[in-house]
Amino acid sequence: MRHLGWLSGAAATVAITLATNNVLVGTAFGLVGLLLPEAAIRYGARKQWQRLDWAAFGAAHMLQVKLQGGMPVLEAFRALVPETSEPFRSWVQPCLTDETKGVPLEVTLKRRAQPIQHVELGALADVLAAERAHGRTAPIVARAVDLWSQRMHADAVRRGTLAGSTMLGYGVVALGIVAFWALVLGSPVVRHGLTHGLGFWTTGIGAWLIALAGYLQNRVSRIAEAV
């Protein structure tokens, strides 16, 4: 991702510098180009994690229903996987595949949950391990599903608040970019002054203010998502 960002930033710097003959404008929008791939990839990864979270929660709820019918935990988990929705079904399939090779499915489940920092899937792996060792873990599964539901509700509220502030911040940056280029392209005086004198510095500083606003918004969004 870092290499893609640097490539995008360098390309934007060269292209806009050549188009405007203003190195300040070029480097400012090069910073914007540097940030765009990271923001886009982070947004895609967050959406993918949320889809997996919803599908995994649905699977945990199905597991709870099967346990209420008296089915053992491990047997119920194996039986529900074909009934689950994507992307969880594809994500969890290696757990069943490894089990046929002698690796307990809870070991693979735990190992796969750790890199994506999914606490509930890791806890479910612990429950499956406890079931294999001691049995009688159905009440723990029910409690885990309830806590999972509460966490998802809290996340939904937090995401709503975060989405509003994030959209406002990026909207202001986007408006600044549009206004800047509308002024540059729509005004012959501004376009003529891009390359020398006061116009060079004014447009360059304006572009850098927009770029710094985008950088700060990107940092704030990253910190907020990590909380």
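Guide: A crossing is called left-handed if the near helix is turned anticlockwise from the far one by less than a right angle, and right-handed if clockwise. Helices here are DSSP runs (H or I, at least four residues), numbered from the N terminus. The model is a predicted one, in which local features need pLDDT of at least 70 and side-chain atom pairs count only at pLDDT 80 or more, while totals for chains, interfaces and linings use all residues. Residues are numbered from 1 along each chain as its sequence is written, and side-chain values use heavy atoms, with hydrogens and water left out.

Helix α2 covers residues 23-68 and helix α3 residues 73-80; their axes come within 9 Å and cross at roughly 130°. Axes are lines fitted to C-alpha atoms, for helices over the stretch in contact, and angles run from 0 to 180 degrees between N-to-C directions. The two helices are therefore oblique to one another, given that angles under 35 degrees count as roughly parallel, over 145 as roughly antiparallel, 65 to 115 as roughly perpendicular and the rest as oblique. The crossing of α2 past α3 is right-handed.

On the α2 side, the contact (heavy atoms within 4.5 Å) is made by A59, M62, L63, K66 and L67, and on the α3 side by V73, A76, F77, A79 and L80. By class, nine of these residues are nonpolar, none is polar and one is charged. Ala, Val, Leu, Ile, Met, Phe, Trp, Tyr, Cys and Pro count as nonpolar, Asp, Glu, Lys and Arg as charged, and the others, Gly among them, as polar.

Leaving aside neighbours within four places in sequence, L63 is in contact with V73, A76, F77, L80, L124 and V141. L63 and F77 are also among the residues with the most contacts inside the largest nonpolar core, which has 31 residues. Such a core is a set of buried Ala, Val, Leu, Ile, Met, Phe, Trp, Tyr and Cys residues joined through side-chain atoms within 4.5 Å, where buried means under 20% relative accessible area, exposed over 50% and partly exposed in between (1.4 Å probe, protein chains only). Helices α2 and α3 are among those that each supply at least two residues of this core, and α2 gives the largest share, eight residues.

Beyond α3, the loop between α3 and α4 holds P87, and the peptide bond from E86 to P87 is cis, with omega near 5°.
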